[in-house]
Amino acid sequence: MDRRTFVLGGLGAVALPRKVAYPFTLGVASGDPAPGSVVLWTRLAPSPLDADGYGGMPSGDVRVEWQVSKTEDFGSLVAGGTVTARRAGAHTVRVVAGGLKADAEYYYRFRAQGHLSPVGRTRTTPAAGDAGREFTFLFASCANFEAGYFTAYRRMAEERADLVLHLGDYIYEGGPKPGHVRQHLGPEIRTLADYRRRYGQYKTDPDLQAAHAAAPWVVVPDDHDVEDDFAGTSRLDNIPALSAAQWQARRAAAYRAYFEHQPLRAERLYRRIRWGRLATFHMLDTRQFRDPQACGGLWKACPDANRPARTITGAAQEAWLLDGLGQKLGAWDFLGQQVFFARQVNARGAANMDAWDGYRASRDRIQRGWVQRGVRNPVVLTGDIHTAWANDLKADYADPDSATVGTELVCTSITSRGDGSATATIPNKANNPHLKFYSDRRGYSRATVGATSVRVDFRGVDAVSRRGAAVRTVRSFTLRDGRPGI
Ligand code: FE
Ligand code: CA
């Protein structure tokens, strides 16, 4: 090992005890799979809740070995190497493990400071021209630590899926709220140290660690990963009161910590993951490039929401998305994104200004864009609203007889909103007949993708206020090739 490993801040070079404290307290993760490679992640943090955000690590950089094997016992190594976990990056480790076979399962682990990490399972995607076998992916969002136990993550791990999409609100930024089943450590987070420590608290959860260790993840952040309801470079309100410079610093710290703690291949968050000729995942960032919410946000009947120049993606991302859809890379085009896409207006004509209803021109341009390009099977995947939905996407939402041009599937939350209920009455159904399914259960969604159909199972846990709840399928739907809608 590099001699710098043994330099402690302020003490100079000293002989460390033979074993330092176990550094892999935050588990391992993998993500952004490609046909020949996958990103591997870990962070060294023997004491992850330390206030300075450095997880109890010494001030120097640390050498970390990584290994990829075909088998869980690491009897046949196929890739490996050494990387440096840098102090400046809070000793996070990101490795692009290359030279792998397409469409193959692998196991990986790390070694540092005389300790071995837990073992993770991951896989690569099929080659671009591969017609591909049926595969299963899960999608989930909104895991407020305070709202309950991460049992849904445990059940996701048990699925041993091929892929997991996380659609935002991986952490919540608030301070502790008394009366919840468990509590955030420290007040509302603002600094890089705060965000690193918050990731430390979340990632020590064994259910979350199990979900990461079971499959590669493809993640995109939403508002709570930074601050509730922020939009682009703006804040919805000045709560908590921050100067412009303090807000800029907070936003930068949040994105930096997100990048440090997720198995991301690159810093640009909107990106495509291809699954051979079977499916393409267009992952969107609807938070960083959007205009401010119309009429001050929340639920409003707001004419300004219809302004043609408004955007939720920004022009560059919109052009990138339409170009990618037009390439018709796979049988199914999944748009993995954050906020409710279909129209949903209430009896007073109000709609959620934080969702696509607050950016109607954006929605119209993208829907029309995929229709014009002859995209056969567009399916929007959504998080954010802590309940499960299945929606038809309409050419004209004011006309129920207009063409159905796509499908939206909204996963519920992992914990946010608490235990939930058996309620299945679709809110605002009278004004929005294209909304077809609703569930108030916590959990996740599972999609089994084949060439001619996709089976969708909405999975719900009975409770999040106690540990170990069972999961069950609340409702299933089948999407058919060439027939948009539920
Ligand atoms: Fe949320
Ligand atoms: Ca959100």
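## A buried cysteine to start with

Cys411 sits at 0% relative accessibility, so Cys411 counts as buried (under 20% relative accessible area; exposed is over 50%, partly exposed in between, with a 1.4 Å probe and protein chains only). This is a predicted model, with local features needing pLDDT of at least 70, side-chain atom pairs counting only at pLDDT 80 or more, and totals for chains, interfaces and linings using all residues. Residues are numbered from 1 along each chain as its sequence is written, and side-chain values use heavy atoms, leaving out hydrogens and water.

## The disulfide

There is one disulfide by the rule used here, namely a pair of cysteine sulfur atoms within 2.5 Å. Cys295 and Cys302 are the partners, with 2.0 Å from S to S, and their link is right-handed, at 80 degrees about the S-S bond. Cys302 is buried at 3%, while Cys295, at 40%, is partly exposed. As for Cys411, it is in no disulfide: the nearest cysteine sulfur belongs to Cys142, 7.1 Å away.

## The iron site

Cys142 turns up again at the iron ion (ligand 1), alongside Asp169, Tyr172 and His386, with the donors 2.1 to 2.4 Å from the metal. Donors here are N, O and S atoms within 2.8 Å of the metal (3.2 Å for Na, K and Ca); water is not among the atoms, so sites may look incomplete.

Asp169 also coordinates the calcium ion (ligand 2), which is 3.8 Å from the iron ion (ligand 1). Along the chain, the iron donors are spaced C-x26-D-x2-Y-x213-H. Cys142 is buried at 0% relative accessibility, and His386 is buried at 17%.

Conventions: Chains lettered and ligands numbered in written order.
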